[in-house]
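User: I have a structure open and I am new to this. Could you go through it with me, one question at a time?

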2 protein chains.
Amino acid sequence: MNLVEHTYEVDGVRLTGFLADGSTSGAAPGVLVAHEAPGVTNHIKRRVGMLAECGFVAFALDMYGQADLPLDAAREQSRRLMADAALMRRRARAALEVLASQAHCDASKLAVIGFCLGGIVALELARDRAPILCAVGFHPGFKRPAGSASEAIAAKVLMMIGEDDPIVPAEDRASFVQEMKDAGADWQLHVFGGVGHSYTNQDIDAVGYPGFGYNVQADRRAWSLMLALLDEVF
Amino acid sequence: MNLVEHTYEVDGVRLTGFLADGSTSGAAPGVLVAHEAPGVTNHIKRRVGMLAECGFVAFALDMYGQADLPLDAAREQSRRLMADAALMRRRARAALEVLASQAHCDASKLAVIGFCLGGIVALELARDRAPILCAVGFHPGFKRPAGSASEAIAAKVLMMIGEDDPIVPAEDRASFVQEMKDAGADWQLHVFGGVGHSYTNQDIDAVGYPGFGYNVQADRRAWSLMLALLDEVF
């Protein structure tokens, strides 16, 4: 599937996302893809292609203005976003507008999926009551950016974590559950036993972080769960 | 789908299950269905029919020798099973053999699904290393029958609970997770937010137990998750 670079601007910062148009006839639902801490990587681009192959218009957003960052730079960029929920929301919403405005995208059928940090971005769009039907997280973080307001959540929420994920301590999981209850959300939490962080990312094992690891079975199961929810909401 | 009564005996007790043969050509995978505390009800028979419509040979086991029991009798029957893991295993294994011996059942492709108490029965078959490829629980209990031995679990385990299920306290959930880890199992736990006990049972609302309730959305999502796992293992 062909990916097309698409540049947009938020607060004077130039951001570069990637579009793939899987529509066949008429308008297709749109899926926004929120990247992990390193920014838009090949892993994220593959997912955009996979979504287009399923018939969606997909767009990989760019939260940074820089792609595929080394560890230190990625940490600095994600720290900045986690310190400022309003900034995270502005950048994510701008990308959602890019997606919604595509000629073949049905703007009444939008969803967001995110990986790791992108799971936080997906949840933040749901908290901000952006016009998305669902927010899906693959090995998402459950920490909230500073200033993230709690409101009723209308989007359906599906978060899928590895039981052994070192970045999701039990107290974060409990906070997430409590928040979803307070927000009256339609939420689901799926836990994969024996699975760590970044289980969808085929390139992660080469990095060698403890507790991070690709898991082909969890990857497939999570993707299938996401497709079932997209099918439900679209 | 036509259901056929099938009688079998364990330790001199006559048990009555229900078979539905959904095979089309040659042998089809077999799915054993373990009932809730009241025994084989219309809800359980519907599920057997639904599985046959998916192309499986399905069999509703009978753990009691009595069907569709009123509350007190159901409590007494399930108490007896929870007091004796060996009895639970013998009765469940006998039913699995009935299923495996059906002319159109591929005995190398067996699975068990269970509802409430039946989730415990499904897990007990997995613990007993019965020849099943997966054990699936819909609003299962996580208590273990007395004498239930802990061994390595080879069957894939998928348990799907409502966050608000009053029969699954947090400590039971934690015990389940710990047991699965100790057993080296391939396990998944799915949590439906805002959902109580017996969410698959259309007849439960008439009963009016606090914390019990049918939930059409959780019912559909759980069924779809089960089908995905059956598809994976068969």
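User: Is R47(B) buried or exposed?

Analyst: R47(B) is buried, because its relative accessible area is 2%, where buried means under 20%, exposed means over 50% and partly exposed is in between, using a 1.4 Å probe and protein chains only. This is a predicted model, in which local features need pLDDT of at least 70 and side-chain atom pairs count only at pLDDT 80 or more, whereas totals for chains, interfaces and linings use all residues. Residues are numbered from 1 along each chain as its sequence is written, chains are lettered from A and ligands numbered from 1 in the order in which they are written, and side-chain values use heavy atoms, with hydrogens and water left out.

User: OK, where is R47(B), then?

Analyst: R47(B) sits in helix α1 of chain B, which covers residues 42-53. Helices (H or I, at least four residues) and strands (E, at least two) are DSSP runs, numbered from the N terminus.

User: And what is R47(B) in contact with?

Analyst: If neighbours within four places in sequence are left aside, R47(B) is in contact with F115(B), T200(B), D219(B) and W223(B), where contact means heavy atoms within 4.5 Å.

User: What about H43(B), is that one buried or exposed?

Analyst: H43(B), which is also placed in helix α1 of chain B, is buried, since its relative accessible area is 0%. Apart from neighbours within four places in sequence, its contacts are E36(B), F115(B), T200(B), N201(B) and D203(B).

User: Switching to α6(B), which of its residues are buried?

Analyst: The buried residues of α6(B) are A218(B), D219(B), R221(B), A222(B), W223(B), L225(B), M226(B), L229(B), L230(B) and V233(B). Two of these, D219(B) and W223(B), are also among the contacts of R47(B).

User: How does the span of that helix in chain B compare with what it should be?

Analyst: Helix α6 of chain B has 18 residues (216-233), and at 1.5 Å a residue it should span 26 Å, which agrees with the 26 Å between its end C-alpha atoms; the expected span is 1.5 Å times one less than the number of residues. At its N-terminal end the helix is capped by N215(B), which has a side-chain oxygen 3.2 Å from the backbone nitrogen of Q217(B).

User: Now the interface, how much do chain B and chain A bury between them?

Analyst: Chain B and chain A bury about 1600 Å² between them, with 41% of it on carbon and sulfur atoms. Of the area that chain B buries against chain A, W187(B), Q188(B) and R221(B) supply 31%, more than any other three residues. Buried area is the accessible area (1.4 Å probe) that two parts lose on being put together, summed over both.

User: How many residues does the contact take from each chain?

Analyst: The contact takes 22 residues from chain B and 22 residues from chain A.

User: And how many salt bridges are there across the interface of chain B and chain A?

Analyst: There are 6 salt bridges across that interface, a salt bridge being a side-chain nitrogen of Lys or Arg within 4 Å of a carboxyl oxygen of Asp or Glu. One example is the pair E163(A) and K181(B), at 3.5 Å from N to O. Another salt bridge has D186(A) and R221(B) at 2.9 Å from N to O. D186(A) lies in the loop between α5 (170-182) and β8 (187-192) of chain A and R221(B) in helix α6 of chain B, so this pair joins two chains. Both D186(A) and R221(B) are buried.

User: What about salt bridges inside chain A, say between R47(A) and D219(A)?

Analyst: The side chains of R47(A) and D219(A) meet in a salt bridge of 3.1 Å, N to O. That pair links distant parts of the chain, with R47(A) in helix α1 (residues 42-53) and D219(A) in helix α6 (residues 216-233) of chain A, 172 residues apart. Both R47(A) and D219(A) are buried.

User: Last one, where does H104(A) lie?

Analyst: H104(A) lies in the loop between α3 and β5 (105-115) of chain A, and at 39% relative accessibility it counts as partly exposed. Its contacts beyond four places in sequence are D21(A), S23(A), G26(A), A27(A), A28(A) and V57(A).

Key: A polar contact is a pair of N or O atoms within 3.5 Å; within protein, one must be able to donate a hydrogen and the other to accept it, and residues adjacent in sequence count only if both atoms are side-chain atoms.
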